[in-house]
Amino acid sequence: MAVAGNGHHVRWRTLRIVRIERQTSRVKSVFLSGPEAFRFLPGQHVTVRLTSESGHTAQRSYSIASAPEAPSTIELAVERLDHGEVSPYFHDIAAVGDEIEVRGPVGGHFVWSVEQGGPLLLVAGGSGIAPLMSMIRHRAARQSSIPAALLYSARTWEEVLFREELLALQADGLDVTITLTREAAPLGNALGRRVDAEMMSAVVSRMEPVPAQAFVCGGNAFVEVASRCMIQCGVPAAVIRTERFGK
Ligand SMILES: Cc1cc2nc3c(=O)[nH]c(=O)nc-3n(C[C@H](O)[C@H](O)[C@H](O)COP(=O)(O)OP(=O)(O)OC[C@H]3O[C@@H](n4cnc5c(N)ncnc54)[C@H](O)[C@@H]3O)c2cc1C
């Protein structure tokens, strides 16, 4: 049985899909709700279990992108991986009203709430924005003024998840840097290359003092590079927490 961050055993429960929203060409948000509130901490994920008619089961992890302040519905942002087993299900088959088996919340290491303080540095690659979005939304819901910066790498402008919401929060005090790896940036302040030490240094140097809480999430290679860049820029290794979505 999985163990939640608080050490309690977590049980399977059945949630219902109450809404599906296309975010980008490759990502859909799936909103799940159950008879009782779903309590979790920003950064935690759930395990989803699908069972076919023949009894074959597949389990995958998905981060909760919504804020814990709205516990009646949780949002998962699922990226479609062609030939994958579970993510295409959410894109091609799942419909509002379907029941989904979910276990969680899971994860006690990759969590942040305002009580932990800051400055807070968040670094996301692609759909790795999901758990960081929960932290960002939580910070906004709590009207926290803890200094926070997000460095977010996406392939194209169209693939920047939660783009309008992030730009609105930027106007509200969140330091947002977006970098695109596969096209020129349409906005003056967006960058157009892979995350490197120079880019990280520009973000970190705007934070005073150095980040006391740092989170990086994305694919394996992205997490490796981004955490190395953080260390090069003087972020203490001890404050860096990582979550890897796989390849
Ligand atoms: C803690 C955690 C949180 C996560 N949160 C999120 C999240 O918020 N959003 C999100 O989108 N993902 C998230 N993930 C990733 C997610 O759990 C799945 O790994 C992802 O959705 C892929 O699952 P899948 O079943 O679609 O693909 P899989 O069936 O697992 O396949 C993975 C890849 O292998 C390839 N593949 C499969 N079979 C073959 C084959 N026979 N030959 C060649 N290639 C093959 C597929 O094309 C695919 O690219 C998270 C992972 C972790 C560990």
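The model is predicted: local features need pLDDT of at least 70, side-chain atom pairs count only at pLDDT 80 or more, and totals for chains, interfaces and linings use all residues. Residues are numbered from 1 along each chain as its sequence is written. The protein has five helices and 11 strands. Helices (H or I, at least four residues) and strands (E, at least two) are DSSP runs, numbered from the N terminus. The radius of gyration is 18 Å, close to the 18 Å that the globule rule gives for 247 residues, so the protein is as compact as a globular protein of that length. That radius is taken over C-alpha atoms, and the rule is 2.2 Å times the number of residues to the power 0.38.

**Overall build**
- The C-alpha trace spans about 55 × 40 × 30 Å along its principal axes.
- Buried residues make up 39% of the 247. A residue is buried if 20 or more other C-beta atoms lie within 10 Å of its own, exposed if 12 or fewer, and partly exposed in between, with C-beta atoms placed from the backbone.
- Of the contacts with a separation of 6 or more, 73% join residues 24 or more positions apart. Two residues are in contact if their C-beta atoms, placed from the backbone, lie within 7 Å.

**Two domains**
- The protein is divided into domain 1 (12-106) and domain 2 (114-244). These bounds come from an automatic or database domain assignment.
- The contact between them takes 17 residues from domain 1 and 14 residues from domain 2.
- On the domain 1 side, the touching residues are seven nonpolar, seven polar and three charged. Ala, Val, Leu, Ile, Met, Phe, Trp, Tyr, Cys and Pro count as nonpolar, Asp, Glu, Lys and Arg as charged, and the others, Gly among them, as polar.
- The C-alpha centres of domain 1 and domain 2 lie 24 Å apart.

**Nonpolar core**
- The largest nonpolar core has 61 residues, and Leu76, Leu122, Leu132, Leu150 and Ala226 have the most contacts inside it.
- Leaving aside neighbours within four places in sequence, Leu150 is in contact with residues including Leu122, Leu132, Ile136 and Leu174.

**Around the ligand**
- The ligand has 20 residues around it, and His83, Gly84, Glu85, Val86 and Ser87 come nearest. A residue is near a molecule or strand if its C-beta atom, placed from the backbone, lies within 6 Å of it.
- Strand 4 gives the largest share of the shell, four residues.
- The shell divides into seven nonpolar, eight polar and five charged residues.
- Domain 1 and domain 2 both give residues to the shell, so the ligand lies between them.

- Most residues other than glycine have a negative phi, and most peptide bonds are trans.
- His83 has a positive phi, near 70 degrees. His83 sits in the loop between strand 5 and helix 1 (87-92). With 6 C-beta neighbours inside 10 Å, His83 counts as exposed.
- Phe162 also has a positive phi, about 55 degrees. Phe162 is buried, with 23 other C-beta atoms within 10 Å.
- The peptide bond from Gly104 to Pro105 is cis, and Pro105 lies in strand 6 (residues 99-106).
- The bond from Glu208 to Pro209 is cis, with omega near -5 degrees.

How values were computed. A nonpolar core is a set of buried Ala, Val, Leu, Ile, Met, Phe, Trp, Tyr and Cys residues joined through C-beta atoms within 7 Å.
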